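The following exercises concern the structure shown below. Each task is followed by a solution in steps.

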Amino acid sequence: MRVIDIENITEAMRDDTRFVLRCEEVFHDKISAAAASILMNKSKKPLVCLTGPSGSGKTTTAMRLKAYLENLGVKVCLLSMDNFFLPLADRPPELTDWESPLCVNRDLLIDCIRRLSDGEEVELPVYDFKSGATGSWFKMQGDRDAVIIAEGIHMLNPLIFDRVRDMATGVYVAPRTRIITAHDKIVRPEQLRVARRMIRDYQGRGHSLRQTVERAESVDRGELNYIMPNKPNAGIHIDTFHDYEPCILARYLKEIPEFYTQLDDAFIDEHGLTDLFEVVNSVPPLKTDYVPRDSIVREFVGGSIFQY
């Protein structure tokens, strides 16, 4: 477990450009190390099953790995498990837990992975979350020499992973660094992920700040039930925390008009976010001028080169 003191963040912000670039260089090295491990095992394990909890940055990590490998001349097929959700009309009526892996069309997902690895052209679904149905399909050409990256919250779940274990490397991504506040309290990674999701869901999904905080309880239950128990299936672990990100998250949160009216002290305390907001209210805000457009942070504040 890595820990960073809020004073170290504030001190590093005296030269914010150098701070940002240094943090991004650290994460680049993590991508490089993961890619090297994947390539060493590529002949026996061409599949990468990449997972992490909501707000972990797994989508950007998958895309960064794809770009890195492609720069080395490696063919990469990238799949999102989200597109393999069963249409609402096809789910068993007794299935009411939307965090469950039973919501995924696992047979179709495994079939597409295996056919891509055999070099076939495959039609992949695109799930429409607004309608709760498969909205369209698109073609992807497989390759026997390709690395296939499949990312999603259930990719290490035994219902999926056990069926491809012989050909797969498991990758678990999440912010894992703890922040020590000025009052010696600990801001845990799951609290940071709430901050990430508040901005992302406000900007891109039309959710209010309160809605995101309240939904976090259900998301956390799903993580405890379906994601955390399967971490041992990962051979590669990537901490997606960037030391400068509390400063940029603080800036974007405070720019949301409802920030001060919706997130009053009583509401924050009720949902266990008092220590997080001590950090939000104490760090210097950071502009995005020198945050690279492929940064994980961009997945949550906007301006990324990637399409989510």
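A residue is called buried under 20% relative accessible area, exposed over 50%, and partly exposed in between (1.4 Å probe, protein chains only). Helices (H or I, at least four residues) and strands (E, at least two) are DSSP runs, numbered from the N terminus. The model is a predicted one, in which local features need pLDDT of at least 70 and side-chain atom pairs count only at pLDDT 80 or more, while totals for chains, interfaces and linings use all residues. Residues are numbered from 1 along each chain as its sequence is written, and side-chain values use heavy atoms, with hydrogens and water left out.

**Exercise 1. Describe the overall dimensions of the protein and state whether its radius of gyration agrees with that of a compact globule.**

Step 1. The protein contains 12 helices and 10 strands.

Step 2. Along the principal axes, its C-alpha atoms fill a box of roughly 55 × 45 × 30 Å.

Step 3. The radius of gyration is taken over C-alpha atoms, and the globule rule is 2.2 Å times the number of residues to the power 0.38. For 308 residues a compact globule would have a value near 19 Å; the protein has 20 Å, which agrees.

Step 4. Of the 308 residues, 53% count as buried.

**Exercise 2. Determine how the residues of strand β2 are oriented, and which strands pair with β2.**

Step 1. Leu47, Cys49 and Thr51 point one way from β2, whereas Val48 and Leu50 point the other way; all are buried.

Step 2. Since 5 of the 5 residues of β2 (residues 47-51) are buried, this strand is largely enclosed by the rest of the structure.

Step 3. Two strands pair if DSSP finds at least two bridges between them. Strand β6 (residues 147-151) pairs with β2 in the parallel sense over 4 bridges, and valine 48 stands opposite isoleucine 149 in β6.

Step 4. Strand β7 (residues 168-174) also pairs with β2 in the parallel sense, over 5 bridges. Here cysteine 49 stands opposite glycine 170.

**Exercise 3. Work out the strand order of the open sheet that contains β1, and identify the strands at its edges.**

Step 1. The sheet has 3 strands in the order β1-β8-β9, with mixed pairing.

Step 2. The edges are taken by β1 (3-5) and β9 (186-187); each has a single partner strand, so one side of each is left without a neighbour in the sheet.

Step 3. β1 and β8 (residues 178-180) run parallel and are joined by 3 bridges. The bridge partner of valine 3 in β8 is arginine 178.

Step 4. The loop between β8 and β9 holds aspartate 184. This residue is exposed, at 63% relative accessible area, and its phi is near 60 degrees, a positive value in a residue other than glycine.

Step 5. Isoleucine 186 lies in β9 and is partly exposed, at 35%.

**Exercise 4. Count the salt bridges, and locate the partners in the bridge between arginine 215 and glutamate 99.**

Step 1. A salt bridge requires a side-chain nitrogen of Lys or Arg within 4 Å of a carboxyl oxygen of Asp or Glu. The count by this rule is 18.

Step 2. Arginine 215 and glutamate 99 meet through their side chains at 3.6 Å, N to O. The pair links distant parts of the chain, 116 residues apart: arginine 215 is in helix α7 (residues 209-227), and glutamate 99 is in the loop between β3 (76-80) and α4 (106-117).

Step 3. Arginine 215 is partly exposed, at 47% relative accessibility, whereas glutamate 99 is buried, at 13%.

Step 4. Another salt bridge joins arginine 251 to glutamate 255 at 3.0 Å, N to O. Asp111, Arg115 and Glu120 are linked in a network of salt bridges.
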